[in-house]
Amino acid sequence: MFLKGKQTAKNGPKHAVDPQLQPWVEKYRPKTIDDVSAQEHTVAVLRKTLTSTNLPHMLFYGPPGTGKTSTILALARQLYGPDNFRTRVLELNASDERGISIVREKIKAFARQTPAATVVAADGTTYPCPPFKIIILDEADSMTQDAQAALRRIMENYARITRFCLVCNYVTRIIEPLASRCSKFRFKPLDTNSTQSRLEHIAREEHITVSPETVQALIATSGGDLRRSITYLQTASRLTNGNADTTITPRDIQEIAGVVPDEIIDDFARTLGVDPRYGPSRANKNDEDDAMMVEHTFKKPDFTSVRGKVGELIREGYSGAQLLSQLHDAIIENNNLDSKIKSHCALVFAEADKALCDGADEELWILDVALRCSKYINAPVPTST
Amino acid sequence: MSLWVDKYRPRALDDLHYHTDLSARLKSLAASGDFPHMLFYGPSGAGKKTRISATLRAIFGNGVEKIKIDQRVFVTPTKRKLDVNVVQSNFHIELTPSDVGNYDRVVIQEILKEIAGTQQIDLNAKQRFKVVIINEADSLSRDAQAALRRTMEKYMSNMRLVLCANSTSKLIAPIKSRCLLVRVAAPSPDEMHAVLAHVAKKEKFDLPQSAAEQIVADANGNMRKAILVLEALKMQSPDLTGDLKIAKPDWETYCHKVADMIVAEQTPTQVLAVRAKFYELLSHCIPPTVIIKTVAERVVERVDGALKADVMHWAAVYEMRMRLGSKKIFHLEAWVVKVMTLHKHFMYDIDLSEFA
Ligand SMILES: Nc1ncnc2c1ncn2[C@@H]1O[C@H](COP(=O)(O)OP(=O)(O)OP(=O)(O)O)[C@@H](O)[C@H]1O
Ligand SMILES: [Mg+2]
């Protein structure tokens with residue numbers, strides 16, 4: 001088996017490694033388009049192309065871990081079979097050199113060779129083998145505008161013998177003339193049910209027991225990114241180490257996913273003058289817990305206490321985005337706050353989110369959010385600015 | 001003679017002092033063959049690098065400690081030559097691509113292709129993959145990050161990435177989706193006390209409680225700093241009693257001076273004087289973010305309570321602009337002018353709402 005090593009890199013690494021030792025994200029990468037969870041519309045359209053021997057240029061877009069790369073690879077494999085895959089499919093991704101001239105050269109060279117189409121593969125299966133080649137431009141949103149513009153001509157010049165599939169996260173980064181040449185397929189974040197059934201499928205195959213609560217925790221922490229939930233599941237299962245007695249708890253998953261524990265967020269909210277007894281974290285708890293919490297009488301927040309708290313959280317190393325999103329929920333979903341205050345706070349959160357995306361300093365922005373929110377929350381009368 | 005920080009750096013996962021449950025987790029991951037790509041994040045000095053090396057040792061054994069440092073030359077598409085230092089063993093390679101600024105993509109691409117193309121040669125190796133450690137991953141350019149994406153999936157059979165970063169917000173979502181995120185929190189004061197006591201015991205001296213407390217308070221969760229300070233203090237006053245002066249780095253003293261200038265006088269002349277100081281700091285390669293944060297922290301200690309929040313707010317705003325813009329000094333200076341204006345108007349008791 002190991003002889004094939006590098007040669008088969010294009011077919012995915014599955015030949016190279018003992019499947020026992022393979023990360024589950026690769027091990028359970030869909031092999032056919034019917035294995036792809038959730039993206040029903042896309043799969044339905046693509047299934048037709050398997051019989052019709054024609055294919056439009058395509059543009060796949062959507063957030064990470066929703067099956068874009070998997071779908072095109074599976075489709076290509078179903079069209080050509082393992083033998084012809086290498087001669088018929090060219091995959092170029094952002095890690096390859098993608099200056100215009102290089103792309104043009106590669107595509108030219110690739111499109112020139114007309115391979116003999118053996119329709120029946122070595123494994124005895126018949127593949128459609130339509131008379132064109134597929135060029136996959138994965139991560140196309142990181143191509144420069146110039147390279148994209150040049151691609152238009154290339155697409156037209158080779159239209160007879162090639163089909164392009166552009167794959168990206170942000171469809172807005174693809175220039176319009178290019179996007180309009182393709183049929184667009186949107187990959188949605190995976191819905192709860194699809195994630196659940198895929199995870200349960202994997203758990204069954206791997207002989208691990210996963211409680212429904214744990215599955216819920218996986219769904220909640222991964223936000224529709226199936227790749228992430230699979231990685232979390234695998235890591236958690238390593239912790240329990242195949243030991244049947246120790247089961248994976250929702251808390252394990254949250255820990256792995258970097259979720260900040262409720263107590264810490266509640267404490268943060270309290271520092272800002274928010275009463276966490278009315279917040280979202282209390283929804284599932286009973287009154288006895290609350291009785292204990294009354295003891296925390298509210299000190300009016302001041303600069304020093306807020307800054308001290310933020311410093312503490314930063315030392316804990318929690319990710320800024322995670323802190324913000326959880327604090328956001330603690331404030332916006334709190335039943336004891338005036339909606340005017342909430343709308344002020346929402347603006348503050350939005351601004352900070354943008355700043356973090358632009359790479360601004362986490363500590364400064366979390367402090368800013370905390371200070372400004374506490375100002376609104378504790379203002380005697382909400383100001384009207 | 002090596003420094004205590006290096007001399008007493010724990011080498012095995014079991015020897016790590018704090019976050020024992022995290023160590024246990026890493027240990028079980030290292031024992032299983034299906035180790036994922038990982039992203040270690042947390043404040044500096046919390047022990048990320050130590051944990052990474054201990055994890056590598058758990059995966060590959062002592063062999064990873066036999067390292068050599070190479071200087072490698074990469075050529076950019078524009079034919080520029082780049083020198084990069086790489087640290088490597090038979091099992092892993094470590095690089096800091098942010099050293100080469102915007103050319104980081106070229107370096108990453110070449111190294112990864114090279115690693116991915118070679119199989120593990122050591123037949124006794126416990127794993128078939130090699131590990132690539134990327135330091136300061138949060139300063140990788142977007143381009144370089146994009147280049148990692150598909151590579152991380154395609155070459156997973158021969159290669160695992162370990163990214164090391166202070167924060168995760170500068171990494172693009174697809175990268176985070178492909179990694180297991182490992183948070184390394186700063187040690188708590190108690191945990192730091194324990195480590196300092198351990199070092200003192202090994203060096204065979206008594207560490208007075210008062211000294212330990214002072215060191216821990218000063219280090220603010222940075223374990224490396226705490227041990228360095230301990231060693232420096234021990235040299236200054238061998239019995240570690242009495243009034244210990246923890247020396248501040250020059251740049252910090254300098255930043256404090258700037259803050260005091262801002263609070264003392266708010267005039268155009270003063271702005272010029274402050275600018276000269278900023279130039280000085282920048283020319284000594286103090287990162288502009290560190291400058292604005294250090295100055296702001298000091299300013300808020302000096303101004304009225306009503307102004308503190310605003311000072312920090314504008315520090316946050318101008319720090320962000322600094323990231324987006326290219327002339328750092330403009331934004332530092334703009335912030336100073338803003339703070340001076342706030343301060344002055346406050347002193348003259350003018351309604352602030354128009355300016356804030
Ligand atoms: N719809 C899906 N059905 C089944 N498995 C999926 C699906 N989406 C993602 N996965 C799992 O997640 C892994 C990654 O998926 P894939 O590479 O297709 O994501 P992607 O959409 O290309 O993400 P990115 O934008 O980050 O490149 C797959 O190997 C598979 O295990
Ligand atoms: Mg992909």
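How many aromatic pairs does the count come to over all chains? The model is predicted, and the count comes to 7 aromatic pairs over all chains.

One of these is formed by B:Phe60 and B:Phe91: the ring centres are 5.0 Å apart and the planes stand at 25 degrees, so this pair is stacked, since planes under 30 degrees apart count as stacked. The pair links distant parts of the chain, 31 residues apart. B:Phe60 belongs to helix H3 (residues 48-60) of chain B, whereas B:Phe91 is in the loop between strand S3 (81-88) and strand S4 (92-95) of chain B. B:Phe60 has a relative accessible area of 7% and is buried; B:Phe91 is buried with a relative accessible area of 5%.

B:Phe60 also forms an aromatic pair with B:Phe129, and this pair is edge-to-face, with 6.0 Å from centre to centre and 75 degrees between the planes. B:Phe129 lies in the loop between helix H4 (104-117) and strand S5 (130-134) of chain B and B:Phe60 in helix H3, so the pair ties together parts that are 69 residues apart in sequence. Both B:Phe60 and B:Phe129 are buried.

B:Phe35, B:Phe60, B:Phe91 and B:Phe129 form one aromatic cluster.

Charged side chains also sit over rings, as the table lists for A:Arg163 and B:Lys234.

| Charged residue | Ring | Distance of charged end from ring centre |
|---|---|---|
| A:Arg163 | A:Phe132 | 4.5 Å |
| B:Lys234 | B:Phe205 | 4.3 Å |

Definitions and conventions: Residues numbered from 1 in each chain as written. Chains lettered and ligands numbered in written order. Predicted model: local features only at pLDDT ≥ 70, side-chain atom pairs only at ≥ 80, totals over all residues. Heavy atoms only, no water. Phe/Tyr/Trp six-rings, centres within 6.5 Å; stacked < 30°, edge-to-face > 60°. Helix = DSSP H or I, 4+ residues; strand = E, 2+ residues; numbered from the N terminus. Buried < 20%, exposed > 50% of the residue type's maximum accessible area, 1.4 Å probe, protein only. Lys NZ or Arg CZ within 6 Å of the ring centre and 35° of its normal.
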